[in-house]
Amino acid sequence: LLERLAADVEPEVRAAAVKVLGRAGMALTSGLRDPDEAVRANAVDSCSMGDGEAHGRALLGLLHSDPSPLVRERAALAIGLLGLPIGEEALVTASRRAEPR
């Protein structure tokens, strides 16, 4: 049921479903490509609770290219929480980048 809700037409419903799936330990990587910022941010959070190696490259991609400062911030936090060796340089670079407030 939650996977169906994660594909709902309403962004708020998708974001909530992705958040609950993440809490249950089920990272929904399709949410990382969602057009809605809140859905992507919740999907990043769910990836930070799972298998880091499996999601590391996707999180790095978001850190470098997502248009949303919220998603980039969450991606940086997720990479840090997962302790990914591939992310150390990216985190240092991101910490020096000026973000809009």
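This is a predicted model: local features need pLDDT of at least 70, side-chain atom pairs count only at pLDDT 80 or more; totals for chains, interfaces and linings use all residues.
Helix α2 covers residues 11-23, 13 residues in total. From first to last C-alpha it reaches 18 Å, close to the 18 Å expected at 1.5 Å a residue. Its buried residues are Arg14, Ala15, Ala17, Val18, Leu21 and Gly22. Viewed down the axis of α2, these fall within an arc of 165 degrees, so they line one face of the helix. Cover for the buried residues of α2 includes α1 (2-5) and α3 (37-47). Glu12 and Arg23, on the other side of α2, are exposed. Gly25 follows the helix, with a positive phi near 85 degrees.

Leu1 sits in the segment before α1. Leu1 counts as exposed because its relative accessibility is 71%, above the 50% cut-off.

Val71 belongs to helix α5 (residues 69-82). With a relative accessible area of 0%, Val71 is buried. Beyond its neighbours within four places in sequence, Val71 contacts Glu37, Arg40, Ala41, Val44, Leu62 and Asp66. The C-alpha atoms of Val71 and Asn42 are 8.7 Å apart, although 29 residues separate the two along the chain.

Three salt bridges are found in the whole structure. Arg14 and Asp34 form one of them, at 2.8 Å from N to O. This pair links distant parts of the chain, 20 residues apart: Arg14 is in helix α2, Asp34 in the loop between α2 and α3. Both residues, Arg14 and Asp34, are buried.

Arg40 and Asp66 also meet through their side chains in a salt bridge, with an N to O distance of 2.8 Å. Here helix α3, which holds Arg40, is linked to the loop between α4 (52-65) and α5, which holds Asp66, 26 residues apart. Arg40 is buried, as is Asp66. Both residues of this bridge are among the contacts of Val71.

Asp45 and Arg74 form a salt bridge at 2.7 Å, N to O. The pair joins helix α3, with Asp45, to helix α5, with Arg74, across 29 residues. Asp45 counts as partly exposed, at 25% relative accessibility. Arg74 is likewise partly exposed, with a relative accessible area of 24%.

How values were computed
Residues are numbered from 1 along each chain as its sequence is written. Side-chain values use heavy atoms; hydrogens and water are left out. Helices (H or I, at least four residues) and strands (E, at least two) are DSSP runs, numbered from the N terminus. The expected span of a helix is 1.5 Å times one less than its number of residues. Buried means under 20% relative accessible area, exposed over 50%, partly exposed in between (1.4 Å probe, protein chains only). The arc is that of the directions from the helix axis to the C-beta atoms. Contact means heavy atoms within 4.5 Å. A salt bridge is a side-chain nitrogen of Lys or Arg within 4 Å of a carboxyl oxygen of Asp or Glu.
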